[in-house]
Each structure stands twice: as C-alpha cells, then as structure tokens.
Amino acid sequence: MYFSTTLFLLAAARVIFAKLQFLGVAIAGGDFGCQIDGSCPISSAQLPLNDDGISQMQHFVKDDGLNMLRLPISWQFLVNNKLGGDLDDGNLAKYDQLVQACLATGAHCMIDIHNFARWNGGIIGQGGPTDDQFISLWTQLAMKYAGNENVVFELMNEPHDLDIGIWAKTCQKVVTAIRNAGATKQMILLPGTDFDSAATLDTVGGGSQLLGIKNPDGTTDNLILDIHKYLDTDNSGTHDECTTNNSKAFSGLADFLRKNGRKGIISETGASQDDSCLNAFCAQNTLINQNSDVFVGLVAWGAGSFDTSYVLSLTPSKQNGQLVDNNLMSQCVIAPWVNSKETSPRDGGTSTTVVAPSTRPATTITPTTFVTATAKPSNSDEPVLTVTILSDTSLVQTASVPSSLTVLITAAGAPSDASYSIALATPTDAPSPAQTTPATTTASPKPTSGASLTQTTAFVWGCMLLPFLL
C-alpha cells in the first residue's frame with residue numbers, strides 16, 4: 001500500500017536539518033596550575049564558586065540555551081594529594097558545590113580530570129600511578145554521582161606520549177568499574193593519546209584501540225570518543241593567530257566515526273578574538289554541526305575563573321547588571337548551532353533507514369550501525385522507502401517517494417532528544433547487501449504491495465508526529 005507523497009513531505013519538512021545534541025562551555029578554575037606532566041598544585045586551583053561562576057552557568061543555560069558545562073578539576077585536589085586515597089571530604093564538598101550548581105541549571109555536567117594521564121610526571125599504568133589507583137578515583141566518583149544521568153564522566157583530559165595499547169586497557173578497567181559502581185547510563189568519554197587531537201585520533205591517536213572498549217554487558221552504549229582541537233600553529237591554544245579551520249581534521253574524523261558506527265564529542269576547542277580566528281573558528285564549528293550524525297556535541301574553552309582578557313576567553317562581561325557574551329561566543333559558538341537548523345544535510349549514500357528513539361531516556365546516546373535491504377515491488381515503477389523504527393524489535397515498513405529525493409536526511413533533534421536519521425534511495429530489483437544487525441533486532445522483510453493497513457497507518461502516524469518530537 002502507498003501513502004500520499006505530500007503527507008510524507010510535510011512530515012519530513014522538520015527533519016531535513018542537522019543539529020548537535022549538546023553545546024557547552026568549560027567553567028574552568030579547578031584545573032588552574034595543572035601542567036602537561038600531571039603536576040597540579042592544589043594552591044593554584046580557583047574553583048569558580050563565587051556568584052560569578054554560578055551566574056555564568058545560569059546565563060549560559062538560560063540566556064544562551066547551552067545544555068552542557070565542563071567542570072575541570074585535578075586528581076590531586078580531589079584526594080588532597082594522597083595518591084590512591086579516598087576523596088577528601090573538604091575538597092570534594094567544594095567541587096560538588098560547583099557540580100550541584102551546574103546540575104541545578106538542567107544542563108549536563110562533565111567531570112573532567114585534568115591530569116594529562118599523569119600524576120606529578122608519572123604516566124598512569126605505565127610506571128606512574130597504578131591502574132588500581134586510577135580505578136579507585138573513578139569508582140568513588142561514580143558512586144557519588146550514579147543517581148544523576150546528567151553527569152558526564154570525562155576519564156582524562158588530553159593524554160599524550162604514552163603507549164596507547166596499554167592506555168586503552170587501563171580505560172577499559174575504569175569503564176568496567178564505573179558501570180559496576182552503579183553509573184550504568186551516564187556518558188563516558190574515552191580519551192586517546194596526542195592530546196586527543198582530532199587530526200590524529202583516527203590514526204596514531206588511538207581511536208581504533210578505543211573502539212574496542214566495552215561496557216560489562218558487551219555493548220558500547222554511551223561510550224563516546226573524546227576529541228580536542230585548537231586552531232593555532234601547534235594545536236596548543238596558546239597563540240592569538242589561527243592558522244587553520246580544521247576542516248580536514250574534522251572531516252576525516254567524521255568519516256572514521258561513521259565507518260565504525262560510533263560517535264564522538266568535541267569536549268575542548270577554542271580560539272582567540274584575533275581577526276584570523278573569527279572566520280576560522282566559525283567555519284570549524286559550522287562543519288562540526290553539519291556532521292551531527294557522528295559528533296554529538298561541542299564544548300568550547302573557556303569561561304569560569306578566566307578573566308575576559310585571557311587569550312581564549314569566553315567569559316561574559318558585565319554590562320548594566322547583565323552578562324554579555326563576547327563576539328567569539330555569540331558568532332562562532334552559539335550562532336552555528338542555532339543556524340544549523342537552516343543547514344542542508346550532506347549526501348548520505350544509499351542506505352534507507354529511519355532510526356526512531358529507543359525506550360531509553362531521551363538523553364541516552366546509543367550508537368548503532370545497521371542497514372536495511374530494500375527491493376522494488378513488481379507492480380510499481382516508483383522507488384520505495386523502507387522504514388525501520390527501532391524500539392527493541394518493533395519494525396514498520398511501507399511507502400513510495402519521488403525518485404528526486406535521494407539525499408540523506410539527518411536530524412539530531414532538540415538538545416535533549418535522541419537522534420533521527422532518514423536516508424532515501426532509489427532501489428534496484430535486486431536487494432542491496434544488508435549488514436549485520438544487532439542481535440536483538442529482527443531482520444527486516446522486503447516491502448511488498450500487500451503491506452498491511454496496520455503497518456501503513458503506524459508509519460503515517462509516525463511521520464505526522466515526528467516533527468513534533470524534534
């Protein structure tokens with residue numbers, strides 16, 4: 001059976017646009033004094049606990065619509081310089097005050113251990129702190145925040161110059177410990193080496209090794225690759241001038257993630273307000289938004305305890321009793337995200353799949369890779385749209401569409417919604433090869449001219465309701 005092409009186009013009108021699920025900024029200060037050798041003097045920390053830090057978070061969420069805030073802290077601060085020890089009650093209370101103020105905004109709040117995979121010069125699991133000492137830190141944090149799914153666990157900020165094979169095994173142990181501690185639904189960010197650089201994560205940065213990390217149940221649900229990138233000459237974020245817009249780096253990494261059916265989040269990127277940066281930073285962030293099928297979010301650096309004069313500052317200024325964003329924040333961080341609703345999607349190939357939200361909470365990100373085979377009914381010259389709605393094992397298929405619609409349609413939804421993907425293709429008489437589906441998913445039958453009224457009705461209602469879910 002067939003339904004009205006007009007009805008489909010009306011339903012699809014809201015889903016032809018792409019948008020990142022998360023946009024945020026770092027509320028820095030707890031990391032102040034940390035060096036790339038993992039030394040982090042406690043006395044240098046400046047947690048933004050005063051009214052300025054809290055009001056910034058409220059401003060970013062309420063006024064700008066941001067929905068993720070990154071809260072850097074050092075390992076030394078949390079355990080009061082006692083490697084392998086319990087979380088220090090006094091210092092944890094200070095950091096938790098920041099976390100709770102963040103959670104009160106309704107945003108996702110990222111715990112970022114800002115130690116570069118080190119403690120005072122020693123590499124974790126590679127001659128420095130033991131895996132067990134690192135596991136102890138994260139087990140305690142997981143137990144503390146297991147009850148709040150809006151907490152995000154960034155295992156480590158910018159590891160570098162280490163054996164990635166050993167590091168991936170360390171991260172696997174930590175992921176297992178976090179899940180076993182009761183934090184089963186939170187996102188966990190998996191960091192590679194080479195400072196998490198987007199330019200190398202798909203090669204020497206360790207992306208391939210990180211893909212092998214699994215939850216205790218064998219899935220990769222909410223295990224997200226952690227990505228950083230700056231735009232200056234040495235990717236350090238310490239220079240005024242921007243020398244690249246990182247289009248090659250992020251395009252290549254997007255292809256890597258897409259090929260492997262996984263997702264990543266840019267948890268740190270930034271630029272100065274130099275003239276060379278405005279165009280480059282805006283272009284980079286527009287490209288990231290255009291690849292929202294694999295990039296779930298972008299968190300810019302940085303605000304919090306940074307002064308407005310800091311080279312990469314996104315700290316809002318006070319004007320007439322209100323907080324006002326600088327040009328870099330408004331034009332290159334917020335605007336590409338808002339305007340992404342008007343961005344045309346890229347060509348997505350020939351797969352024909354609609355992925356509806358699962359029965360999990362809306363904030364859950366579940367990377368899934370599958371393709372549904374299609375075939376043309378013998379009594380029709382029209383191309384066929386095969387629809388797969390994934391909710392455990394629910395499947396619905398039917399309908400024809402104009403042959404001119406051949407582009408991938410991707411919609412990440414509103415910031416708190418799950419992702420949707422629609423691909424339209426002109427099928428041939430022979431079925432296309434179907435990839436292996438998850439074990440719990442029923443193989444989808446080929447559409448026929450005798451598709452049931454129930455299936456057709458369910459799909460039509462799905463198309464009508466989909467715009468309201470986005």
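Buried denotes a relative accessible area under 20%, exposed one over 50%, and partly exposed a value in between, computed with a 1.4 Å probe on protein chains only. The structure is a predicted model, in which local features need pLDDT of at least 70 and side-chain atom pairs count only at pLDDT 80 or more, whereas totals for chains, interfaces and linings use all residues. Residues are numbered from 1 along each chain as its sequence is written, and side-chain values use heavy atoms, with hydrogens and water left out.

Of the 470 residues of the protein, 54% count as buried. The secondary structure comprises 11 helices and 14 strands, where helices (H or I, at least four residues) and strands (E, at least two) are DSSP runs numbered from the N terminus. Among contacts (heavy atoms within 4.5 Å) between residues at least 6 apart in sequence, 77% join residues at least 24 apart.

Strand β1, residues 22-28, is mostly covered, with 7 of its 7 residues buried. In a regular strand the side chains alternate between the two faces of the sheet. In β1 both faces are covered: F22, G24, A26 and A28 are buried on one side, and L23, V25 and I27 on the other. Two strands are taken to pair if DSSP finds at least two bridges between them. Strand β1 runs parallel to β10 (residues 295-304), to which 6 bridges join it, and F22 stands opposite G297 of β10. A parallel pairing over 3 bridges also links β1 with β2 (residues 68-73); here V25 stands opposite L69. Together with helix α2 (residues 51-63), β1 and β2 make a right-handed β-α-β unit, right-handed meaning that, with the strands pointing away from the viewer, the path from the first strand over the helix to the second runs clockwise.

Strand β10 also contains G302, which is joined to W301 by a cis peptide bond with omega of about -15 degrees.

A nonpolar core is a set of buried Ala, Val, Leu, Ile, Met, Phe, Trp, Tyr and Cys residues joined through side-chain atoms within 4.5 Å. In soluble globular proteins, nonpolar side chains tend to be buried together. The largest core has 90 residues, of which I113, W138 and F295 touch the most other members. Leaving aside residues up to four places away in sequence, I113 touches I73, W75, L78, L137, W138, L141, E154, L155, M156 and N157.

Pockets were defined on a 1 Å grid over the protein atoms alone, as open sets of points where a 1.4 Å probe fits, with protein on both sides within 12 Å along at least five of seven lines; lining residues have an atom within 4 Å of a point. The second largest pocket is lined by 25 residues, of which H114, F116, E158, S236 and E268 lie nearest its centre. The largest share of this lining, 3 residues, comes from strand β8 (residues 223-230).

E158 has a positive phi of about 45 degrees although it is not a glycine. This residue lies in the loop between β6 (151-154) and α6 (164-180), and E158 counts as buried because its relative accessibility is 11%. N120, likewise a residue other than glycine, has a positive phi near 50 degrees and is found in the loop between β4 (118-119) and β5 (122-123). With a relative accessibility of 45%, N120 therefore counts as partly exposed.
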